[in-house]
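Please open the model in your viewer and keep a selection panel at hand. The stops below run from the whole chain to single residues.

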Amino acid sequence: MVFAFAVLQFFVLPKDFLCQFGYIREAMSNFDASLPLPAIHWLGNSNIARVQSFFAGPNQLASFCLIVLFLALGGGTRSKYLNWLAASLSLLVLVLTFSRSAWLGGIIGLSLFIFLIARTNIKLKAGILGFGIGVLAVLAYVLKARFYEIFIRPSSSAWHWVSLRDAWHSFLSTPWGIGLGKVGPASQWLKNAFISENYYLQIGLETGWLGLVFFLLPILVLLWEFWQKQNLKTKAVFCLFLSLLVSSFFLHTLADGVLAIYLGLSLAWAQTNIEQ
């Protein structure tokens, strides 16, 4: 349903279709807690609308696509055809979100996944490579001459870098942190919102340098545990986790509650298979 609606959003439905359900036509940022969710997220200065399906925005949908993609590659269902269908749809919708951070995380995660299975499953490696080439061909056809808006996006990129710079300077000057809820999406409920555009800087600013260390240690331990396992499912979940961690360098990816639940369930699912 999520992916089917996203495809319909891009190719069939009017761009303001969600306005019939309480969304507003446009908004400068979906972090503004005083406004309903925006129905349209334009791609730079173009007339292309980024898909968001039933999620709050394209970036949240892109993270969900990564979860489905890697779970499908890891054999999320008993049917290999359903797995490939889920992987295909999730990758297509991921492209249509135009989320650069999710793309980068996905490329790194998929590249590592292919590397990890190359020695034991040549057919799967060839299938993924062929599938990736096909997606790139579709991507080239859909995007055509929109390279500048897709990858450069001056206004968006400038905002990201300014936010990162300010957050980094604040992080260095406040080693004990400034308090929970004062950075990231939650801070939009305050008068002076502070968006760091980096989830790790958000944690560091909220809890201080020591809090950031205690946040990262369990993640590193978990990554190491999954890295040591040899089955397909744990490799897929490892690459999924890594993809979202990469994306979090440029967005508050892990601050999204729905995504955190799906990620937690994915990690638990892989752990259950380890124990079996």
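**Before selecting anything**

This is a predicted model, in which local features need pLDDT of at least 70 and side-chain atom pairs count only at pLDDT 80 or more, while totals for chains, interfaces and linings use all residues. Residues are numbered from 1 along each chain as its sequence is written, and side-chain values use heavy atoms, with hydrogens and water left out.

**The whole chain**

Followed along the sequence, their order is α-β-β-α-α-α-α-α-α-α-α-α. The chain has 276 residues, of which 42% count as buried; buried means under 20% relative accessible area, with exposed over 50% and partly exposed in between, for a 1.4 Å probe and protein chains only. Among contacts (heavy atoms within 4.5 Å) with a separation of 6 or more, 67% join residues 24 or more positions apart.

**The cores**

Next, select Leu 61, Leu 94 and Leu 244, which have the most contacts inside the largest nonpolar core, a set of 58 residues. A nonpolar core is here a set of buried Ala, Val, Leu, Ile, Met, Phe, Trp, Tyr and Cys residues joined through side-chain atoms within 4.5 Å. The elements giving two or more residues to this core include α2 (58-73), α3 (80-97), α8 (199-228) and α10 (257-275), and α2 gives the most, with 11 residues. Centre on Leu 244: leaving aside residues up to four places away in sequence, Leu 244 touches Ser 63, Leu 66, Ile 67, Thr 253, Leu 254, Leu 259 and Leu 263. A second, separate core has 6 residues, including Phe 5, Leu 18, Tyr 23 and Ala 49.

**The cavity**

To display the lining, select Gln 9, Phe 10, Leu 13, Pro 14, Lys 15, Phe 17, Leu 18, Ala 39, Ala 49, Arg 50, Val 51 and Gln 52. The elements that give two or more residues to this lining are α1 (2-11) and β2 (49-50).

**Single residues**

Move to Ser 53, in the loop between β2 and α2, where phi is near 50 degrees, a positive value in a residue other than glycine; Ser 53 counts as buried because its relative accessibility is 1%. Glu 197, in the loop between α7 and α8, likewise has a positive phi, near 55 degrees, and is buried, with a relative accessible area of 4%.

Then select Asn 83 in helix α3, which at 10% relative accessibility counts as buried and touches Ala 72, Gly 75, Gly 76 and Thr 77, not counting residues up to four places away in sequence.

Finish with Cys 65, buried at a relative accessible area of 0%, and Cys 239, buried at 0% relative accessibility; the structure holds 0 disulfides, a disulfide being a pair of cysteine sulfur atoms within 2.5 Å.

Technical notes: On a 1 Å grid over the protein atoms alone, a cavity is a set of points where a 1.4 Å probe fits but cannot get out, and a pocket is an open set with protein on both sides within 12 Å along at least five of seven lines; lining residues have an atom within 4 Å of a point. Helices (H or I, at least four residues) and strands (E, at least two) are DSSP runs, numbered from the N terminus.
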